[in-house]
Amino acid sequence: MITNARGFWKVAALLLCFAVLTVSDFGVTAEPIHPSFVLLDAAGTDVLTSGAPLSQSKTCGGCHDTDFIARHSAHARADGDSAPPPLRTWENASAWFGGWDPLVYELAPGTDLKAWLTSYGQRHVGGGPARGAGVELDCMLCHLSEASLSARQEALRDAAFEWASTATLSDTGLVEVTEDAFAWNATAFSQGRFPVERLRLSRPTSERCGQCHQHVHRDSSPLDTWNAESARSGAIFSSQPVRDSAFNLANKERLSRAFDVHAERLLECADCHHSRTRAGSVSDVALRHLRFDPRRPALHEVLRRPSHELASSGNGQEAGLRRCTNCHDPSEGHEELPSPSRHFSALACESCHIPEAVIGALSHIDWTALDADGEPLRSYRGSSSNPIDAMVLARGTEPTLLLRRMSDGQRRYAPHNLLTTSYWVTASPLRPVSREALMRVFQSETLQHALDADADGRLSSEERRLTNPQRARLVAELLEAEGVEKPTIVSEVEAVEMHHGVTEGAFVVSDCTECHSSKSRLRRPTLLTTQLPGGVAPHFVDDAALELQGSIEIEGGVARFVPAPDAQSMRHSYVWGADRISWIDWLGISAVTLVLLLAVTHGLGRFLSRRKHAVEGITPHADKSITDEETGKEGSPR
Amino acid sequence: MKGEYIYHFHERMWHWAQATIMLALMGTGLEIHWPEKLSLLGFSRAARAHEWLGVLLATNAVLGFLYHLFSRQLRQYVPELRSFFGLALLQARYYLVGIFRGEAHPVQKTVARKMNPLQQITYLAILNLLLPLQLFTGVALWGSRHFPWVAESLRTLPYLGPAHMMGAWLFMAFTILHIYLATTGHTVVSNFQAMITGYEDLEVVASHPKETTR
């Protein structure tokens, strides 16, 4: 007990020392798990000595079997081994390597690896097919929070393939990047070693995944942007309540839900999309004779040879994807849902748990006309323009529910965003017209003059659109003059699956009439585009897992997808309250109405005749009945 | 006219239970079919109620059949073939003409014969064709809701629904007709009273004072 001033100051000093020692630890987190290491080049020499590009396979390969990892990585493989057949005739494959992405547009240049790396390869992690150009699997791109994808992409664009892995470290201070050179900065190292106390190596965080996949937002600043993948699917992975974001949304105050409930519950991408052999994980290979597989890889085994094949939904299909039922038991928490087994067999979980893309999604990418920057004209579902523009009021959009074959073999309705892409193709060889040719045509004075309807000297988006057949013909002629053979417009629709942007509670679809009514979500037409270039009717991209029931209808330049289930599909999903055969209803109503009219008429006739008889004093005849005796046998007249 | 005990308790109970259940089925069925136009219970409750009412209807139908079978009342529904067409024509003529002239019913109602030929043929069709159709399609639809494999294996789901709906419309038309024709007794309410109390003042033909009763 402190009884005097001296004692007081002694205690205060002790407390102060304790506080200083404690505070001194602030900003310095716990001892890093990853040991420090030397950055090596391809020859195994310290990069600070050689000044050569970083070789992550050599560097990380000191402890981890990088060769094994590269051979067991769907990201590195670019899905080449398990990809379905290509969807378009000019594609080498439907996977990244050889596939064609309407968001990127650049044609995957056949087997020209280096040309591929400068375009599609910018979203590739290295390794796999990229090894042929000297681009290794870039471990730090995913495992280092400070990694810079943009710097890596720039290196790839500049064909500096061997420096791509080095460029990833541009934001760490370890390497200085000038216009045409990379120089290692020894002062940023920790005694010549990678500064693990400052730069954290860890399992991939969601932000790392969001570099290439849907936009991820994990800090508290108001969310005000998205990326191309989020625009494609309408999903953003963020725990932030929608109403706290910076988007200009209609009825924003009611949107107290998070952008994604799994993000809100602190799940990371890697929690669901995890390695098949992460330490402690249960094998997802089902063994018929086992209820539970007790085998676990040891920690050192996992660290040495961590498979980068991602866990699947359990039946070997669609590697890397997880289904909701891998974690959730649908029989729990759906007490209010009538006929749950029927609903679960007909609907994917997302059908009700992704009721809308809250800020909208891309609806149409029009590559038939380029803007002044060489970009296509983009239209959005739920807003007049890009919803990240604060001047644009976004209303969100409901997904289109389409029947899709799931990983368990069952067909279920699942939410999709229907993305229409229009572009020019040349006949020989059949492929999209190059962007360069399109740029030359749209920058030509002839076209500028012809399309400038208001003669203000510049082309607005509306003036560029080729919805007028004459405009389309003019552009075709100009393309032919550029050497493009028989240019024609193609419009295609891709059904983009929606798996994120999940919600729960009051925001879930819970009103039965959302599906069980004449305005059913399952039968609602979807507007594809109001600006159909060249009047060319779009067609759906051939997706083997999708079972389309309906057709694309065009009226006045507006294209809509109109669901129209046939008997084959209604065998699976006849929806009460939504599906009916009109003529049966008309026949039935007619029959009921007719009977009612007859009854009323007959009754009126009886009433009037009774009154007449009463007035005339006529009594009904009572002796004309045929009795049993008259008939002899019951009911039979003699 | 004298009061004759013509409808036994079980008959009346079966009849009114059937009537109540069918009316409730029609109401809930309409709400399921047109949820945006009709919303009394809500779609979910209407669907559940419809299922339970269907079970009650089936139970009542079975019990009614057993009653009629063991009490030998099934023959009430079987028309006498020899005289059927003649009497049916007479009855039809009565409904179309005679009733407006104040004529007597052409076929006397007795305890042994409670229904005229037109009624007999109508109820034969209702109870042997339409009701089984509704029960069968209803059970199949119930099965497809609770056992999804039924929907896939039956291959008739897109036909079951419309067939059930057609049957429902026909039942609605029948109900209206039935209620109206019940007013064609010797008084407007005599048939209703008989089905409630069991007693009915049967017409006694003057030239044949001795009635055939059972």
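**Selected features of chains A and B**

D101(A) is buried, at a relative accessible area of 11%; here buried stands for under 20% relative accessible area, exposed for over 50%, and partly exposed for anything in between (1.4 Å probe, protein chains only). A note on the ground rules: this is a predicted model, where local features need pLDDT of at least 70 and side-chain atom pairs count only at pLDDT 80 or more, while totals for chains, interfaces and linings use all residues. Residues are numbered from 1 along each chain as its sequence is written, chains are lettered from A and ligands numbered from 1 in the order in which they are written, and side-chain values use heavy atoms, with hydrogens and water left out.

Back to D101(A), which sits in the loop between α5 (74–77) and α6 (113–118) of chain A. Helices (H or I, at least four residues) and strands (E, at least two) are DSSP runs numbered from the N terminus. Setting aside residues within four places in sequence, D101(A) is in contact (heavy atoms within 4.5 Å) with Y120(A), R123(A) and R232(A). With R232(A) there is also a side-chain to side-chain polar contact of 2.8 Å. A polar contact is a pair of N or O atoms within 3.5 Å; within protein, one must be able to donate a hydrogen and the other to accept it, and residues adjacent in sequence count only if both atoms are side-chain atoms. D101(A) and G556(A) are 455 residues apart in sequence, yet their C-alpha atoms are 29 Å apart in space.

Stepping back to the whole of chain A, its secondary structure comes to 23 helices and 15 strands. The chain has 638 residues, and 45% of them are buried. Of the contacts in chain A with a separation of 6 or more, 60% join residues 24 or more positions apart.

Some other buried residues of chain A follow. N227(A) lies in the loop between β3 (216–217) and α11 (228–233) and is buried, at 18% relative accessible area. The side chain of N227(A) reaches the backbone oxygen of H213(A) at 2.7 Å, and one of its polar atoms lies 3.2 Å from the backbone oxygen of G210(A). Beyond four places in sequence, the residues in contact with N227(A) are G210(A), H213(A), Q214(A) and H215(A).

D366(A) belongs to strand β5 (residues 361–370) of chain A and, at 1% relative accessibility, counts as buried. Its side chain makes a polar contact of 2.4 Å with the side chain of T368(A). Not counting residues up to four places away in sequence, D366(A) touches P376(A), L377(A), S422(A), R465(A) and P533(A). S165(A), in helix α9 (residues 164–167) of chain A, is likewise buried, at 4%. Its contacts, leaving aside neighbours within four places in sequence, are L54(A), Q56(A), E136(A), D138(A) and R152(A).

Chain A also has an open sheet of 3 strands, in the order β11-β15-β14, with antiparallel pairing; two strands pair if DSSP finds at least two bridges between them. Strands of a sheet pair through backbone hydrogen bonds, either parallel or antiparallel. The edges are β11 (526–529) and β14 (550–555), each of which pairs on one side only. Direction ignored, neighbouring strands are turned by 30° against each other on average. On one side, β11(A) and β15(A) (residues 558–563) pair over 3 bridges, with T529(A) standing opposite A559(A). On the other, 6 bridges join β14(A) to β15(A), and G550(A) has P563(A) as its bridge partner. The hairpin of β14(A) and β15(A) has 2 residues between the strands, and G556(A) takes a positive phi near 60° there.

Over in chain B, helix α1 (residues 9–33) packs against helix α7 (residues 190–197) at an angle of about 115°, the axes being 8 Å apart. Axes are lines fitted to C-alpha atoms, for helices over the stretch in contact, and angles run from 0 to 180 degrees between N-to-C directions. That makes α1(B) roughly perpendicular to α7(B), since angles of 65 to 115 degrees carry that label, under 35 being roughly parallel, over 145 roughly antiparallel and the rest oblique. R12(B), H15(B) and W16(B) of α1(B) meet A194(B), M195(B), I196(B) and T197(B) of α7(B). By class, this contact has 4 nonpolar, 2 polar and 1 charged residues, where Ala, Val, Leu, Ile, Met, Phe, Trp, Tyr, Cys and Pro count as nonpolar, Asp, Glu, Lys and Arg as charged, and the others, Gly among them, as polar.
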